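Please keep the sequence and the structure in view while reading.

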Amino acid sequence: MFDFQPDHYAISVSDMGRSVSFYEKLGFSMLKDYEADDKSVRIVHLIKDDFILELFCYPGSAPVPAFAETVASDLNVQGSKHIGLMAQDLSAAGEYLFKEGLISEKPKILKGRLGRPYFFIKDPDGINVEIIQAR
């Protein structure tokens, strides 16, 4: 089998500064920043370990669709669903996110159908981010 490795995940955001700040609190750091001369698009690469989160920001971008409001409501709709980040200690991760003001209450840890505990948060644009127990 050919050896493919994870490289990046791309999302579109409405406010680049707000999104960069949010994802920096999740451990990502700035790698590259591009803005078109005519300001029609800004693209930022954030990196965590060897994984890149690619952020696109277009003026007047459309919001996340209503059907994606909750994780369960859009699983039957084709397409990307969420960003998944591992944590060694979910309780400590939830406490950190609460103290940093990224969530308004401590999360309820659930057990996934495939056996791993997890919880979800939303980024500033309502994009789902899963925090899952490390393997």
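The structure is a predicted model. Helix H2 spans residues 90-99 and has four residues named as buried: Leu-90, Ala-93, Gly-94 and Leu-97. The count of salt bridges comes to six, and the count of aromatic pairs comes to four.

**Helix H2 and its surroundings**

- The buried residues of H2 are Leu-90, Ala-93, Gly-94 and Leu-97. Viewed down the helix axis, these buried residues fall within an arc of 100°, so they line one face of H2.
- A general rule applies to this pattern: an α-helix has 3.6 residues a turn, so residues three or four places apart point the same way.
- Ser-91 and Lys-99 are exposed on the other side of H2.
- The N-terminal end of H2 is capped by Asp-89, which places a side-chain oxygen 3.1 Å from the backbone nitrogen of Ser-91.
- Just after H2, Gly-101 adopts a positive phi of about 80°.

**Salt bridges**

- Arg-18 and Asp-125 form a salt bridge through their side chains, with an N to O distance of 3.2 Å. Arg-18 belongs to helix H1 (residues 16-24) and Asp-125 to the loop between E7 and E8, so the pair ties together parts that are 107 residues apart in sequence.
- Glu-35 is partly exposed, with a relative accessibility of 38%, and Lys-39 is exposed, with 52%.
- Lys-48 and Asp-49 form a further salt bridge, in which the closest N and O atoms are 3.9 Å apart. Asp-49 is exposed, with a relative accessible area of 65%, while Lys-48 is partly exposed, with 33%.
- Salt bridges link Glu-95, Lys-99 and Lys-106 into a network. Lys-99 is also one of the exposed residues of H2.

**Aromatic rings**

- The number of aromatic pairs is four. Among them, Phe-22 and Tyr-23 have ring centres 4.9 Å apart and planes at 85°, so this pair is edge-to-face.
- Phe-22 and Tyr-23 are both buried. Tyr-23 also pairs with Phe-28: the ring centres are 6.2 Å apart and the planes stand at 90°, so this pair too is edge-to-face.
- Phe-28, like Tyr-23, is buried.
- Through these ring pairs, Phe-22, Tyr-23 and Phe-28 are linked into a cluster.

**Asp-123, a buried charge**

- Asp-123 is located in the loop between E7 and E8.
- Although Asp-123 is buried, it has no salt bridge, and the nearest side chain of opposite charge, that of Arg-18, is 7.0 Å away.
- Leaving aside residues up to four places away in sequence, Asp-123 touches Ile-11, Phe-22, Tyr-23 and Val-129. Phe-22 and Tyr-23 are members of the aromatic cluster.

**Pro-117 in strand E7**

- Pro-117 is found in strand E7 and is partly exposed, at 26% relative accessibility.
- Residues up to four places away in sequence aside, the contacts of Pro-117 are Leu-90, Ile-109, Leu-110, Lys-111, Ile-131, Ile-132 and Gln-133. Leu-90 is one of the buried residues of H2.
- Pro-117 and Gly-94 lie 23 residues apart in sequence and 12 Å apart in space, C-alpha to C-alpha.

**Ser-19 in helix H1**

- Ser-19 lies in helix H1 and is buried, with a relative accessible area of 0%.
- With residues up to four places away in sequence left out, Ser-19 touches Val-13, Leu-55, Pro-124 and Asp-125. Asp-125 is also the salt-bridge partner of Arg-18.

How values were computed:
Residues numbered from 1 in each chain as written. Predicted model: local features only at pLDDT ≥ 70, side-chain atom pairs only at ≥ 80, totals over all residues. Heavy atoms only, no water. Buried < 20%, exposed > 50% of the residue type's maximum accessible area, 1.4 Å probe, protein only. Helix = DSSP H or I, 4+ residues; strand = E, 2+ residues; numbered from the N terminus. Arc of directions from axis to C-beta. Polar contact = N/O pair within 3.5 Å; in protein donor to acceptor, adjacent residues only side chain to side chain. Salt bridge = Lys/Arg side-chain N within 4 Å of Asp/Glu carboxyl O. Phe/Tyr/Trp six-rings, centres within 6.5 Å; stacked < 30°, edge-to-face > 60°. Lys, Arg positive; Asp, Glu negative; His and termini not counted. Contact = heavy atoms within 4.5 Å.
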